[in-house]
Amino acid sequence: MKIVLTVLGIIIVLVASSITIGNITFRRKVKNEVAELFKNSKEIETEIVTEADIDGLPEPVQRYLRYTQIIGKEKIRTVRLKQKGGFRIKENQKWMPYEAEQYYTTDSPALIWFAGIKMAPFLSLKVRDKYYEGKGNMFVKLLSLIKIVDASGYEIDQGTLLRYLDEIMWFPTAYLNDYIQWEPIDSTSAKATMSYKGVTASAVLYFNEKGEMTNFVAERYRTVDGGYKLETWSTPISEYKEMKGIMIPTRGKGVWNVSSEDFSYIRLEITDIEYNIPSIY
């Protein structure tokens, strides 16, 4: 019995050590990618947003940008933020808690999302979602050791482009960049089209009378039965707060609007955000 317990103890130590090394390796990978993301961001001159910058945009977009308080503020070139929330793969599945860091650049649109998702006691996923130079990549490891997803291709490029366009709500001066074109719809909505590196996608943004953006709706590729299918995707917003002098959404969720049903797969809360500090947390 003592021998069995000793062997079991050695196995536990080896597994724990492997997971620790895996975590360090994964973190180092993300750190290097963030450094690549930010490599040209420290020499950019400061610019201030003016009323002239929003002139000509659809009226609800102008109302929204004034609400965010970006007029008179420095244009946002880089972003780093922290978030937490819940994630699930299927309807009726128990929510899995996660914590994440996210990094962005805006002159050349790019993002890196690094998350740890707790599936069960002693069982977790490490996830890195990336959009860089117009290309997307989703990379997932179980326990930081076993690669279970390494997805890329046009559908991933389109999906991460849309994700970036959606998440500009957290750094709204980026809505003024030339890679986004606006079309008016009515007093509470407008269409945004983003084109970058040969990929183009559009979304409809919805606003209330107060000026808040309330939802973002687009056709995005979703993994279905081992392939991809265009589905309606939305990100309804439930709370705004002023953070670093800008009004941004701090609570919301991601929803696949499938047929007559809505499948909410992620719910999140922004816990920290910093602008124009091009370095990793």
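Q: Is Glu133 buried, partly exposed or exposed?
A: Partly exposed, because its relative accessibility is 41%. Buried means under 20% relative accessible area, exposed over 50%, and partly exposed in between, with a 1.4 Å probe and protein chains only.

Q: What kind of model is this?
A: It is a predicted model: local features need pLDDT of at least 70, side-chain atom pairs count only at pLDDT 80 or more, and totals for chains, interfaces and linings use all residues. Residues are numbered from 1 along each chain as its sequence is written, and side-chain values use heavy atoms, with hydrogens and water left out.

Q: Back to Glu133. Where does it lie?
A: In the loop between β4 (123-132) and β5 (135-142). Strands are DSSP runs of E, at least two residues; helices are runs of H or I, at least four; both are numbered from the N terminus.

Q: What about phi of Glu133?
A: Near 55°, a positive value in a residue other than glycine. Phi of Lys244 is also positive, near 55°. Lys244 lies in the loop between β12 (237-243) and β13 (246-258).

Q: New topic. Which residues make the nonpolar surface patch of about 320 Å²?
A: Leu145, Ile146, Ile148 and Val149. Patch residues have over 30% relative accessible area and no salt bridge; nonpolar side chains (Val, Leu, Ile, Met, Phe, Trp, Tyr) are joined within 5 Å, like charges within 9 Å. A salt bridge is a side-chain nitrogen of Lys or Arg within 4 Å of a carboxyl oxygen of Asp or Glu. Areas are Shrake-Rupley values with a 1.4 Å probe, and for residues only the protein chains shown count as cover.

Q: And where is Leu145?
A: In the loop between β5 and β6 (146-151). Leu145 is partly exposed, at 38% relative accessible area.

Q: How many aromatic pairs?
A: There are 18. Rings of Phe, Tyr and Trp (its six-membered ring) pair if their centres lie within 6.5 Å; planes under 30 degrees apart are stacked, over 60 edge-to-face, the rest tilted. Tyr64 and Phe207 form a tilted pair, 5.4 Å centre to centre with 45° between the planes.

Q: Which residues do ring pairs link into a cluster?
A: Tyr64, Tyr175, Trp182 and Phe207.
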